[in-house]
Amino acid sequence: MQASGGTGKPATRVRPSPALSPFDDGDDATFNRFSDRIVHTIARRVPFRTADVRLDKPIVSFSFDDFPVSAHETGARILEDHGARGTFYAATGLLGQKRALWTIAGADAIGDLHDGGHEIGLHTHSHRPSYMMDRRQFVADLAANRAALRRIVPDLANETFAYPFGLSGLVQKRSLGRLARASRSVQRGLNIGRIDLDFIRAYELTDRGLSREELDRLLDETAARVGWLVFLTHDIAETPTRFGSSPALLSASVEGAVRRGMEVLPIRDALTRIGVS
Ligand SMILES: [Zn+2]
């Protein structure tokens with residue numbers, strides 16, 4: 001993500017782009033120190049693991065962060081209605097909690113989605129931004145996340161990860177080489193050619209942030225360049241939060257992908273297509 005409008009002065013509180021960061025969902029996490037913002041900016045530019053995206057068919061992936069009850073009850077159903085599956089990133093410390101913006105799905109939803117063929121991914125246990133934890137804390141937090149998910153879904157393996165709030169630090173990103181198959185960021189962009197496996201690019205799928213014209217343009221470009229387009233969203237509701245999508249926008253996105261002959265795959269399966277083990 002792009003940190004917005006910093007003044008460059010040390011100790012400035014730089015609020016990450018509100019369009020990308022539901023910080024007000026019970027967390028008051030910001031770049032408290034100028035150095036944290038620099039660390040994130042460097043981290044997203046330094047690749048440790050890369051892959052070449054060469055595909056026979058363009059791919060679209062839908063991912064749901066946190067994830068609210070509505071992502072399970074409505075989001076998954078919309079994908080399934082089109083024969084597709086998605087990726088659901090769970091911060092296990094929040095399971096079942098009623099938060100300011102939404103109620104987070106519980107363990108039953110995770111089991112149900114897994115049984116339905118969807119991907120369950122890591123999103124930390126605490127849902128703290130990675131850069132706020134030192135390496136040891138980050139590794140322990142991710143281990144707790146993985147252990148909690150595997151208690152619910154014992155056959156989970158080789159999980160992918162999504163950075164809470166899209167934020168990272170260099171040591172945390174480097175650690176992910178041993179902790180996750182690949183990691184999804186909130187950095188906007190298509191995944192085409194050489195990609196950073198620890199910073200897979202994604203577009204927010206929100207009614208507030210993505211017009212139908214932009215959606216069509218993104219799908220057209222992905223199809224024309226035979227790339228991999230990843231969406232991230234949160235709640236799926238008739239009146240979504242600013243971090244979520246209406247059922248109509250999600251349906252239009254899936255239908256638009258299918259109409260263009262694109263494959264709709266969880267991030268897990270897209271990585272397999274790309275040749276990432
Ligand atoms: Zn999150």
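1. Phe67 lies in the loop between S2 and H2. Here helices (H or I, at least four residues) and strands (E, at least two) are DSSP runs, numbered from the N terminus. A cis peptide bond, with omega of about -25°, joins Asp66 and Phe67. The model is a predicted one, in which local features need pLDDT of at least 70 and side-chain atom pairs count only at pLDDT 80 or more, while totals for chains, interfaces and linings use all residues. Residues are numbered from 1 along each chain as its sequence is written, and side-chain values use heavy atoms, with hydrogens and water left out.

2. Asp66, the partner of Phe67 in the cis bond, is placed in strand S2. Its phi is near 100°, a positive value in a residue other than glycine. Most residues other than glycine have a negative phi, and most peptide bonds are trans. Asp66 has a relative accessible area of 1% and is therefore buried; the term means under 20% relative accessible area, with exposed meaning over 50% and partly exposed in between (1.4 Å probe, protein chains only).

3. Which residues coordinate the zinc ion? They are Asp66 through OD, His123 through NE2 and His127 through NE2, at 2.0 to 2.1 Å. Donors are N, O and S atoms within 2.8 Å of the metal (3.2 Å for Na, K and Ca), and because water is not among the atoms, sites may look incomplete. Along the chain, the donors of the zinc ion follow the spacing D-x56-H-x3-H. Asp66 lies in strand S2 (residues 59-66), and His123 in the loop between strand S4 (119-122) and helix H4 (135-152), so this pair ties together parts that are 57 residues apart in sequence. Both Asp66 and His123 are buried.

4. The loop between S4 and H4 also contains Thr124. Phi of Thr124 is near 70°, again a positive value in a residue other than glycine. Because its relative accessibility is 0%, Thr124 counts as buried.

5. Ser130 is a further residue of the loop between S4 and H4. Is Ser130 buried or exposed? Its relative accessibility is 0%, so Ser130 counts as buried. With neighbours within four places in sequence left aside, Ser130 is in contact (heavy atoms within 4.5 Å) with Phe138, Phe161, Tyr163, Pro164, Leu167, Ser168 and Gln172. The C-alpha atoms of Ser130 and Asp141 are separated by 9.6 Å, and the two residues are eleven residues apart along the chain.

6. How do helix H2 (residues 69-81) and helix H7 (residues 247-259) pack? Their axes come within 10 Å and cross at roughly 25°. Axes are lines fitted to C-alpha atoms, for helices over the stretch in contact, and angles run from 0 to 180 degrees between N-to-C directions. H2 and H7 are therefore roughly parallel to each other, since angles under 35 degrees count as roughly parallel, over 145 as roughly antiparallel, 65 to 115 as roughly perpendicular and the rest as oblique. The crossing of H2 and H7 is right-handed; a crossing has this hand if the near helix is turned clockwise from the far one by less than a right angle, and is left-handed if anticlockwise.

7. In the contact of these two helices, Thr74, Gly75, Ile78 and Leu79 of H2 meet Pro247, Leu250, Ser251 and Val254 of H7. By class, this contact of H2 with H7 has five nonpolar, three polar and no charged residues. Ala, Val, Leu, Ile, Met, Phe, Trp, Tyr, Cys and Pro count as nonpolar, Asp, Glu, Lys and Arg as charged, and the others, Gly among them, as polar.

8. Helix H6 (residues 212-225) also packs against H7: the axes come within 10 Å and cross at roughly 25°. H6 is therefore roughly parallel to H7, and the crossing is right-handed. Arg212, Leu215 and Leu219 in H6 meet Ala248, Leu249, Ala252, Ser253, Gly256 and Ala257 in H7. The contact of H6 with H7 has six nonpolar, two polar and one charged residues by class.

9. Ser253, found in helix H7, has a relative accessible area of 0% and is therefore buried. Leaving aside neighbours within four places in sequence, Ser253 is in contact with Phe62, Leu205, Leu215 and Leu219.

10. For the protein as a whole, the secondary structure comes to eight helices and ten strands. Buried residues make up 56% of its 277 residues.
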